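Take a look at the fold below.

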Amino acid sequence: MKKQKILLVDDEPDILEFLSYNLEKAGYKVETALNGTEGVKKAKVMKPNLILLDIMMPEMDGIEACSQIRKIDSLANTLIVFLSARTEEFTQLAGYEVGANDYITKPIKPKVLVSKIKALLKLKRKENVDKIIELNDIKINRETYKVTFNGEDLILPRKEFELLALLASNTERVFKRDEILEKVWGNEVVVGDRTIDVHIRKLREKFGKEHFTTIKGVGYKIND
């Protein structure tokens, strides 16, 4: 498995060395920066899974660094965690307001810190898995409404996308017509079974008949 990457940003070399040792021992790939300016530059290149960020630093403090990082599209999925001796409520609130995912106060035992980081990254992985569905030749991103088929991007009307995403959410299941109507169309309009059939036909035209199976009298399933 590819190692997850962590960027440590702190102006105290001893802290960087200590944290690096414990995180590398836990299996992470670690890089360091001594101030916010250097941290932002390294984050752009490294694209870490998580940034552990001090607040009081020279050149650029942690609050400003976090604010700048949150404006970088390629780092949208990067977790940012403040690790600071500042315990004031207003400082912690300022951290969350600029986009921090968590705020941890120093001192903290290394094992506890590693456990917190593991939990945050595990939760983030689960979120990413929930957003993206991959079949053999179809990739569906439910957050961006983007579909890739055989390496090419497709733009689907919203209801076609939602129907495809629903069927692809569980390749072992047969989705009944009533469930499809409820989850895809809800209470928006009054539609009938014919509406589902038309949308399935359009999906078959775009992705191939072999991807969709009709279970007569029951509903539809997608084939992985």
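In which sense do β3 and strand β4 pair, and over how many bridges? They pair in the parallel sense, over 4 bridges. Strand β4 covers residues 79–84. Keep in mind that this is a predicted model.

**The parallel strands**

β3 has another partner to look at. β1 and β3 also pair in the parallel sense, over 4 bridges. Leu-7 stands opposite Ile-51 in β3. Leu-52 stands opposite Val-81 in β4. To get from β3 to β4, the chain passes through helix α3, residues 62–69. This β-α-β crossover is right-handed.

Now turn to the faces of β3. In a regular strand the side chains alternate between the two faces of the sheet. In β3, Leu-50 and Leu-52 lie on one side, while Ile-51 and Leu-53 lie on the other. These four residues are all buried, and both faces of β3 are covered.

| Strands | Sense | Bridges |
|---|---|---|
| β1 and β3 | parallel | 4 bridges |
| β3 and β4 | parallel | 4 bridges |
| β11 and β12 | antiparallel | 4 bridges |

**A cavity**

How many cavities of 30 Å³ or more does the structure hold? It holds 1. The volume of the largest cavity is about 40 Å³. Its lining includes Leu-8, Val-9 and Asp-10, along with Leu-52, Leu-53 and Asp-54. Leu-16, Leu-19 and Leu-83 also line the cavity. By class, the lining has 7 nonpolar residues, 2 charged residues and no polar ones.

**Helices with covered sides**

Helix α2 spans residues 36–46. Its buried residues are Gly-36, Gly-39, Val-40, Ala-43 and Met-46. Why do they count as lying on the same side of α2? They cover an arc of only 140 degrees around the axis, so they share a side. An α-helix has 3.6 residues a turn, so residues three or four places apart point the same way. On the other side of α2, Lys-41 and Val-45 are exposed.

Helix α6 (residues 158–168) holds Ala-165. This helix is mostly covered, with 10 of its 11 residues buried. Among them are Lys-159, Glu-160 and Glu-162, as well as Phe-161 and Leu-163. Is Ala-165 buried or exposed? Ala-165 is buried, because its relative accessible area is 5% and buried means under 20%.

Glu-24 has 43% relative accessibility, so it counts as partly exposed. Glu-24 and Ile-6 are 18 residues apart in sequence. In space they are 9.4 Å apart, C-alpha to C-alpha.

**A hairpin**

Strand β11 (residues 212–215) and strand β12 (residues 219–222) pair in the antiparallel sense. Thr-213 stands opposite Lys-221 in β12. The hairpin has 3 residues between the strands. In this hairpin, Gly-217 takes a positive phi near 80 degrees.

Methods: Residues are numbered from 1 along each chain as its sequence is written. This is a predicted model: local features need pLDDT of at least 70, side-chain atom pairs count only at pLDDT 80 or more; totals for chains, interfaces and linings use all residues. Side-chain values use heavy atoms; hydrogens and water are left out. On a 1 Å grid over the protein atoms alone, a cavity is a set of points where a 1.4 Å probe fits but cannot get out, and a pocket is an open set with protein on both sides within 12 Å along at least five of seven lines; lining residues have an atom within 4 Å of a point. Grid points are joined across faces, edges and corners, and a volume is the space filled by probe spheres set on the points. Ala, Val, Leu, Ile, Met, Phe, Trp, Tyr, Cys and Pro count as nonpolar, Asp, Glu, Lys and Arg as charged, and the others, Gly among them, as polar. Buried means under 20% relative accessible area, exposed over 50%, partly exposed in between (1.4 Å probe, protein chains only). Helices (H or I, at least four residues) and strands (E, at least two) are DSSP runs, numbered from the N terminus. Two strands pair if DSSP finds at least two bridges between them. A crossover is right-handed if, with the strands pointing away from the viewer, the path from the first strand over the helix to the second runs clockwise. The arc is that of the directions from the helix axis to the C-beta atoms.
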